[in-house]
Amino acid sequence: MARRVAVVGGGISRFDLPRYELQEEMCAEAIHEMLMDTPGIDYPRDVDAVIYSYFSDHLEEQLCFHWIIHDYLGLLPKPAYRVESGGATPVDAIINAFMFIKSGIFNNVLVVGFEKMSELDTPKVNEFIAAASDTDFDFPVGGYYSGYYAALEVRHMFLYGETVEDLASIAVKNHNNATFNPYSQWRSQHGTSYIGVDEVLDSRLIAWPYRLLNCAMISDGAACIMLTNEENAKKYTDAPVWITGVGLGTDTMRPGDRVDNPMYKGLYLKDESIYPDVATKPAAPYPEMANFGSIRVSGDAAYKMAGIDNPLKQLDLAELFNPYDGVELVEYEDLRFCKRGEGKNLVREGVTEWGGELPCQVSGAHTAAGHPVGATSIAQAVQIYWQLTGLTAKKWGTKARALSDAKRGLLQGHGGTGCQSGVIIFEGG
Amino acid sequence: MAYRPRKILKSREYNREWNEWALKGNWSPVGWRWIEGPTGYRLDQLSKGNYLIIQRPHGSLYHHSYGLLSKFFKGFIEKKLYGAKCPRCKAVFCPPRAHCWNPECKVQRTEWVELPMKGEVFTFSVMAFSATPFLKTLPFIITYIRVEGCCTTLPTRILQVNPWEVYPGLKVNLHFIDNPKGEIMDIYCTPAEKPDPSKFIMSKEEIERLKEDMKKVKNWVIRKFGSEAQPSIEI
Ligand SMILES: [Zn+2]
């Protein structure tokens with residue numbers, strides 16, 4: 001298992017609502033961009049296999065969409081399949097490609113992700129996304145994903161005391177980052193001016209404590225990333241980025257089942273002990289409904305593989321799965337950037353802002369760059385790749401959000417209400 | 001030959017007009033637009049494009065079995081709340097599961113027990129927007145209720161309470177609606193005690209903001225749905 005896996009290129013076709021181009025056309029744009037930046041890849045000959053990432057057959061109004069894309073891109077008769085796991089789809093697709101290469105079965109694997117969510121109105125999109133919750137239990141109550149996540153965040157607020165102002169600060173950070181990102185939906189819809197906490201608190205309430213600017217966008221878009229083995233990586237580029245750790249983890253389908261979960265009981269005793277007296281302790285105090293166990297499990301596995309024991313110090317940037325701002329705050333805890341209950345301190349101290357010790361969501365991510373589900377984490381991976389190879393200034397047309405000398409980045413993605421999570425560690429040469 | 005009866009024991013038959021509705025549209029375009037819009041993969045490199053957009057509807061009608069949980073939902077029709085109890089680890093599940101998930105229990109089949117119509121709020125959210133099927137009833141409050149003695153929490157709505165008066169730990173009573181249909185929305189809860197202001201999790205400022213939000217949402221629903229609007233929160 002000494003084989004190393006590298007990222008040698010990536011591309012993004014901008015996120016917006018709507019994009020009028022077809023799914024295969026947006027994918028072609030992303031791949032074309034990647035090939036311009038990494039001209040050494042002899043496309044399509046050098047592609048051994050393709051993993052496709054898209055979430056919803058309902059949204060696309062098409063099953064097996066990847067068959068359309070695969071021949072459109074001139075990739076026949078190469079092996080290909082689709083991965084689907086809700087919001088975790090793109091991170092799982094990259095991990096699939098990683099395992100393909102690690103196993104020695106394929107040398108070069110292309111990952112292509114896309115989503116088109118603009119063909120239905122917003123309540124209908126919410127309905128079809130909510131079909132990824134338990135349709136016999138959670139769905140008919142009408143919470144849909146904004147409500148499920150809001151209820152989880154209310155639980156965390158109740159236990160650990162972060163405020164709506166803390167959540168608004170996260171929104172401000174991510175939206176203002178996205179004003180520099182020429183692939184971002186916020187910049188397309190809003191322009192390049194900054195917002196402040198008041199704009200967030202004045203935006204329309206969606207599901208308390210979440211307001212419009214705390215929530216992921218509905219988006220169209222595509223992205224791709226190319227993974228290769230070590231030998232080929234050196235052929236294609238002088239600056240490969242290595243994948244040094246991956247991890248996967250799971251939690252319950254229904255968030256309400258996390259209270260006394262016997263499978264988590266006793267797994268994280270330290271976190272169980274950080275439990276305030278205001279609440280009756282459930283049988284499994286961590287993660288219960290306040291934190292995300294799947295994210296902890298996937299992060300720990302990736303850290304172990306990559307030899308990371310102090311993520312806050314050893315990481316230079318992180319792109320997290322942030323469908324709602326409280327999720328980002330809780331992820332700081334579950335990914336061990338801080339202790340349980342201290343996520344709010346990182347927000348208040350600016351640790352994850354641009355210029356902070358560990359900038360998170362420099363791209364703007366789900367609430368500001370956009371969230372075409374199957375493409376989102378792939379685009380975030382591409383942004384990490386650009387940061388680690390010093391390409392960001394060129395790709396964004398500005399140095400404003402280009403890190404100098406970044407060595408190690410973390411990508412985290414999950415699906416459902418944290419029903420499954422994946423983490424990937426990227427390291428520059 | 002295995003035992004394979006398949007007969008209707010009891011039913012409330014659906015209006016067969018739904019069959020017609022499910023055939024509606026049938027993926028055939030009902031309209032089109034020729035539009036001008038942007039094309040380009042990056043915001044700083046856009047040009048003008050033209051696109052043909054069609055409107056294409058299609059409906060569907062699912063015949064869904066509740067499987068081994070059927071007794072739970074049939075219980076709603078009879079206004080009885082059941083949980084599933086594992087005979088090995090004694091855990092009581094509501095929402096129920098027909099097989100225990102405890103690693104020690106090796107996917108043991110559970111048994112039905114009747115549950116008390118009371119419990120407490122584990123967490124909640126105040127919904128000001130939603131998915132298509134639920135828009136008319138905005139604004140409303142969703143809760144996850146731990147039914148007394150259970151190890152899982154049940155998604156329900158809470159009624160007859162101001163949204164800022166709900167908090168984890170609030171004791172509630174469960175009720176069935178008058179005409180249950182065999183779904184989770186047949187059951188709802190109301191406070192079983194006077195909410196304690198010292199336990200509210202919203203600040204005074206946030207409560208005022210929320211009151212304004214509730215008014216706005218209510219007006220929006222009434223504007224959109226007219227007499228069909230059924231807002232679930234009274235301020
Ligand atoms: Zn058991």
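How many residue pairs are in polar contact between chain B and chain A? The count is 29 residue pairs, both at pLDDT 80 or more, a polar contact being a pair of N or O atoms within 3.5 Å; within protein, one must be able to donate a hydrogen and the other to accept it, and residues adjacent in sequence count only if both atoms are side-chain atoms.

## Basis of the model

This is a predicted model, in which local features need pLDDT of at least 70 and side-chain atom pairs count only at pLDDT 80 or more, while totals for chains, interfaces and linings use all residues. Residues are numbered from 1 along each chain as its sequence is written, chains are lettered from A and ligands numbered from 1 in the order in which they are written, and side-chain values use heavy atoms, without hydrogens and water.

## Interface of chain B and chain A

Contact (heavy atoms within 4.5 Å) joins 65 residues of chain B to 62 residues of chain A. The buried area, that is, the accessible area (1.4 Å probe) that two parts lose on being put together, summed over both, is about 5,300 Å², with 62% given by carbon and sulfur atoms. On the chain B side, Tyr41(B), Leu43(B) and Trp101(B) lose the most area to chain A, together 14% of what that side buries.

Six salt bridges cross this interface, each a side-chain nitrogen of Lys or Arg within 4 Å of a carboxyl oxygen of Asp or Glu. Arg56(B) pairs in a salt bridge with Glu61(A), their closest N and O atoms lying 2.5 Å apart.

## Domains of chain B

The domain assignment, automatic or from a database, divides chain B into domain 1 (65-115) and domain 2 (117-235). Their centres, taken over C-alpha atoms, are 26 Å apart. In domain 1 of chain B, 14 residues are in contact with 20 residues of domain 2 of chain B.

Between these domains about 1,400 Å² is buried, 72% of it from carbon and sulfur atoms. Phe76(B), Lys79(B) and Leu81(B) supply 39% of the area that domain 1 of chain B buries against domain 2 of chain B, more than any other three residues. The count of salt bridges between the two domains is zero, whereas six residue pairs are in polar contact, both at pLDDT 80 or more.

## Ser53 of chain A

Ser53(A) is buried, at a relative accessible area of 0%; buried means under 20%, exposed over 50% and partly exposed in between (1.4 Å probe, protein chains only). The side chain of Ser53(A) reaches the backbone oxygen of Gly374(A) at 2.6 Å. Beyond neighbours within four places in sequence, the contacts of Ser53(A) include Val83(A), Phe114(A) and Ile378(A).
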